[in-house]
Amino acid sequence: MNIQHSELILNPDGSIYHLNLRPEHIATDIIFVGDQYRVDKVTQHFDSIEFTTQKREFKTTTGTYKGKRLTVISTGIGPDNIDIVLNELDALVNIDLETRQVKETHTQLNITRIGTSGSLQADIPVNSFLLSSHGLDLNGMLQSYQVEEIANPELEQAFIKHTDWSSKKSYPLVVANGKTLEEKLLSDKVHKGITATAGGFYGPQGRVLRLGLQDAQLNAKIDSFNHNGNRITNLEMETSAIYGLSKLLGHNAASMNALIANRANGTFSENPGKVVADLIQYTLDKLVE
């Protein structure tokens, strides 16, 4: 069946609606950053640039680094933006945009997030790197899809029991990373743990300005969760969406975090820009090894 025009929207030039990209514009190895200005901080290391474009907060640049073709895309903030970016990237490689039919041969993308985050554990310090073993979905975006095949019921039920999770909230889905990318990116310089993904920055992450929280103790419960050595190490706004959609669509994904704050100790990096720059260099070199 052809995919309807209302479901797969293209621009007049044939590019996909939000990202403004055509299939030839992207590599199969892709780096996600949140901030559009961080795209240039990654691609300044490239040997050459072949293409760049921007629409709204979605800036894309494709080029080569040490002979490897890479695409860098800014996603903006939050799981809702990840829903747009990942579905449209998948459409570029796995749907024929002219016939509007799914291709018989599946193309797998390798997606690495380079982002900032805050550590929740006192022993994982500011200015360190962390690779997310799992994404813990606290925002509910993934529940729009059929997620049973990617769930981790043992971890999910342990988290529900430990936090006395409210039935008013979305089910806390736990999704593992892409192991092939983990093997490429992990080293003794990198911590590893579960990354919780919230749907907002203030209340959903336990911050209080003028609004009270439904569960004022939730952050403490998250911090103290430990199931067979699996701890929740950091909190941000994209990883679970990247992991969940990548798994469902048949892609590899890994989330690399520059830890610029430690909420357990109340500390913040004195030079967060350097931490991010160091993580960019580390990740690029690991991806081309």
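This short talk goes through the strands, a loop region and the salt bridges of one predicted model.

A word on conventions: residues are numbered from 1 along each chain as its sequence is written, and side-chain values use heavy atoms, with hydrogens and water left out. As the model is predicted, local features need pLDDT of at least 70 and side-chain atom pairs count only at pLDDT 80 or more, while totals for chains, interfaces and linings use all residues.

Let me start with the annotation. An unreviewed UniProt entry places the feature "domain: Nucleoside phosphorylase" at residues 30–266; UniProt positions are given here in the numbering of the model, feature names are shortened, and annotations may be inferred rather than shown by experiment. Over residues 30–266 the chain is 24% helix and 35% strand, with the end C-alpha atoms 33 Å apart; helices (H or I, at least four residues) and strands (E, at least two) are DSSP runs, numbered from the N terminus.

Turning to the strands, S2 (residues 48–55) and S3 (residues 58–65) pair in the antiparallel sense over seven bridges, where pairing requires that DSSP finds at least two bridges between two strands. Thr 52 has Thr 61 in S3 as its bridge partner, and the two strands form a hairpin with two residues between them, Arg 56 in the turn having a positive phi of about 55 degrees. Elsewhere, S8 (residues 129–137) and S9 pair in the antiparallel sense over four bridges, and Asp 137 is partnered by Leu 173 in S9. From S9 (residues 173–176), Leu 173 and Val 175 point one way and Val 174 and Ala 176 the other, yet all are buried, a word that means under 20% relative accessible area, with exposed being over 50% and partly exposed in between (1.4 Å probe, protein chains only).

Next, the loop between strand S10 (190–197) and helix H5 (218–224), where Gln 205 is found. Among the contacts of Gln 205, not counting residues up to four places away in sequence, are Asn 219, Met 237 and Arg 263, contact meaning heavy atoms within 4.5 Å. Met 237, in the loop between strand S12 (230–236) and helix H6 (239–249), is buried at 11%, and the C-alpha atoms of Met 237 and Thr 197 are separated by 4.7 Å although these residues are 40 apart along the chain.

Finally, the salt bridges, each being a side-chain nitrogen of Lys or Arg within 4 Å of a carboxyl oxygen of Asp or Glu; by this rule the count comes to 13. Arg 69 forms one with Glu 50, the closest N and O atoms being 2.8 Å apart. Arg 69 lies in strand S4 (residues 68–74) and Glu 50 in strand S2, so the pair ties together parts that are 19 residues apart in sequence.

Which residues meet Glu 182 in salt bridges? Lys 179 does, with the closest N and O atoms 3.4 Å apart, and Lys 192 does at 3.2 Å, N to O. The pair of Lys 192 in strand S10 and Glu 182 in helix H4 links distant parts of the chain, 10 residues apart. By contrast, Glu 182 and Lys 179 both lie in helix H4 (residues 179–185), three residues apart, about one turn of the helix. Glu 182 is buried at 9%, while Lys 179 is partly exposed at 42% and Lys 192 is partly exposed at 43%.
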